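Please keep the sequence and the structure at hand while reading.

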Amino acid sequence: MNENTRKSLMIIVERAVRPVRAGEARKLHMREELLAHLTAIFEDEVARCNDEHVAMQQAQIRFGDPHKLAKELQQSVPILNRIRYLLEIASFKPDDSWLQLIGKYLLGTLIMVAILVLLLLIGLSLDGRSMAWKIMAFEIRFYILAKVMPIIMGFMMLGILFIDRLRKTFFSQGSRLLGARAAIDIIISFFAFPVLAFINYAVQTGDLTGSLKFFYEGCMIAPVAPLLFILMARQYDREMRAQEEWKNLEIDE
Amino acid sequence: MKSIEGDKLRGHLETLILSVLERGDAHGLEILRRLEVLGCGLLRLKEGSLYPALYRLEESGKIKGFWEDEPHGRRGARRRFYRLTNKGKRDLAKGREAWQSFVQVIGSIVGAQT
């Protein structure tokens, strides 16, 4: 089977799968399975009529209307996977514009704080101690949450951007591995954990000297951090490659 | 005999799949082939429609899916095989019972000649 035929079969599959609101992993699973099936029926038809054009039409008829199939596939997506789909939309992506990243950062921080405050209120309401104690406990915890959550969200955003940078440095097809860039990335990976630990504690307490202890502790895992980051970048690269081939298909009829 | 189209199979497709998988593990196309043979070529199903039913069955734990290790032939895409679970076997037994009583009741009404 030549590449054009494979692309044509992929387009038929993609027409059914792209509109489905489900997590990317689930959609990839659908794509691969449906493509294997459609390829098999196409080969069946080629063996029968010995004409690829007619075989393609017959395979399409046997496969069914992609729009109808998309609706049926959507109904088979469980509620947790639909939530995952929403989370994937809201999560940071390397190709987001700065405006999108800032919007997602603010919204994500707000939602996380709101959820944690709600859980905190529920927890305190179940506690048998006095109201004065509850108010004080809430204030302290809220203060910590309001400080910590923006930092965590910031780390998440920077983490994704950095993993994407590593992916481009070490795994990008066609691009030469640039020694200086790779060296800088490894140095950043090496210091990432100590610096983040230092910043996190310093922002929470304002105690720079005390925060140095966390910097030193972060240094203990620093030697393995570059390897860890590169492995994550490799995994991310595999996922991106698998998705990109499908996402680049033009499926308009 | 007239063929049975996909819409008429709605509601029965999942039990049909379970009973086909009772004969052994199979991938989507093999399930359809078995359905075709067992239905004497009279079951007409749009082949893509099989998969949403398989996903629902897998989600509810009645079947378990697993990928083949290597892509089949030169196709480049792996096939996914399905196996009936114990829950699926119990559900199939219930489905058979329900089908028997459905045929008995409806058959006695529709099939009765006046």
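This is a predicted model: local features need pLDDT of at least 70, side-chain atom pairs count only at pLDDT 80 or more; totals for chains, interfaces and linings use all residues.

Leaving aside its neighbours within four places in sequence, A:Leu34 is in contact with A:Val13, A:Val17, A:Phe63, A:Leu69 and A:Leu73 of its own chain and with B:Tyr51 of chain B. A:Leu34 belongs to helix α2 of chain A, and it counts as buried because its relative accessibility is 0%, where the cut-off for buried is under 20%.

**Around A:Leu34 and A:Leu73**

- The C-alpha atoms of A:Leu34 and A:Ala16 are separated by 9.4 Å, and the two residues are 18 residues apart along the chain.
- A:Leu73, one of the contacts of A:Leu34, is itself in contact with A:Ala16, A:Val17, A:Val20, A:Met30 and A:Leu34, and also with B:Pro52 and B:Tyr55 of chain B, when its neighbours within four places in sequence are left aside.

**Nonpolar cores**

- Which residues touch the most other members of the largest nonpolar core? They are A:Leu73, B:Ile17 and B:Ile31, in a core that has 49 residues.
- From chain A, the elements that give two or more residues to this core are α1 (3–17), α2, α3 (52–63) and α4 (66–75), and from chain B they are α2 (13–21), α3, α4 (50–59) and β5 (80–84).
- Helix α2(A) supplies the largest share of this core, with 8 residues.

**Chain B and its sheet**

- Chain B has 5 helices and 5 strands, which follow one another along the sequence in the pattern β-α-α-β-α-β-α-β-β-α.
- Of the 114 residues in chain B, 37% are buried, and among its contacts between residues at least 6 apart in sequence, 50% join residues at least 24 apart.
- An open sheet of 3 strands in chain B has the order β2-β5-β4, with antiparallel pairing, and its edge strands are β2 and β4, each of which pairs on one side only.
- Strand β2 (residues 26–27) of chain B pairs with β5(B) in the antiparallel sense over 2 bridges, and in this region B:Ala26 has B:Tyr82 of β5(B) as its bridge partner.
- Strand β4 (residues 63–67) of chain B pairs with β5(B), also in the antiparallel sense, over 5 bridges, and B:Trp67 stands opposite B:Arg80 in β5(B).
- Is β5(B) largely enclosed or largely open? Because 4 of its 5 residues are buried, β5(B) is largely enclosed by the rest of the structure.

**The cavity**

- The structure holds 1 cavity of 30 Å³ or more, and the largest cavity has a volume of about 80 Å³.
- The lining of the largest cavity has 12 residues, and those that lie nearest its centre are A:Ala36, A:His37, B:His27, B:Tyr51 and B:Arg79.
- Two or more lining residues come from each of α2 (24–49) of chain A and α3 (28–38) of chain B, and α2(A) gives the most, with 4 residues.
- How many nonpolar, polar and charged residues are in the lining of the largest cavity? By class, this lining has 4 nonpolar, 3 polar and 5 charged residues.

**Two asparagines of chain A**

- A:Asn50 is found in the loop between α2 and α3 of chain A, and its phi is near 60°, a positive value in a residue other than glycine.
- A:Asn50 counts as exposed because its relative accessibility is 69%, where the cut-off for exposed is over 50%.
- A:Asn81, by contrast, counts as buried because its relative accessibility is 14%, and A:Asn81 lies in helix α5 (residues 79–90) of chain A.
- Leaving aside its neighbours within four places in sequence, A:Asn81 is in contact with A:Ala22, A:Gly23 and A:Arg26.

Technical notes. Residues are numbered from 1 along each chain as its sequence is written. Chains are lettered from A and ligands numbered from 1 in the order in which they are written. Side-chain values use heavy atoms; hydrogens and water are left out. On a 1 Å grid over the protein atoms alone, a cavity is a set of points where a 1.4 Å probe fits but cannot get out, and a pocket is an open set with protein on both sides within 12 Å along at least five of seven lines; lining residues have an atom within 4 Å of a point. Grid points are joined across faces, edges and corners, and a volume is the space filled by probe spheres set on the points. Ala, Val, Leu, Ile, Met, Phe, Trp, Tyr, Cys and Pro count as nonpolar, Asp, Glu, Lys and Arg as charged, and the others, Gly among them, as polar. A nonpolar core is a set of buried Ala, Val, Leu, Ile, Met, Phe, Trp, Tyr and Cys residues joined through side-chain atoms within 4.5 Å. Buried means under 20% relative accessible area, exposed over 50%, partly exposed in between (1.4 Å probe, protein chains only). Contact means heavy atoms within 4.5 Å. Two strands pair if DSSP finds at least two bridges between them.
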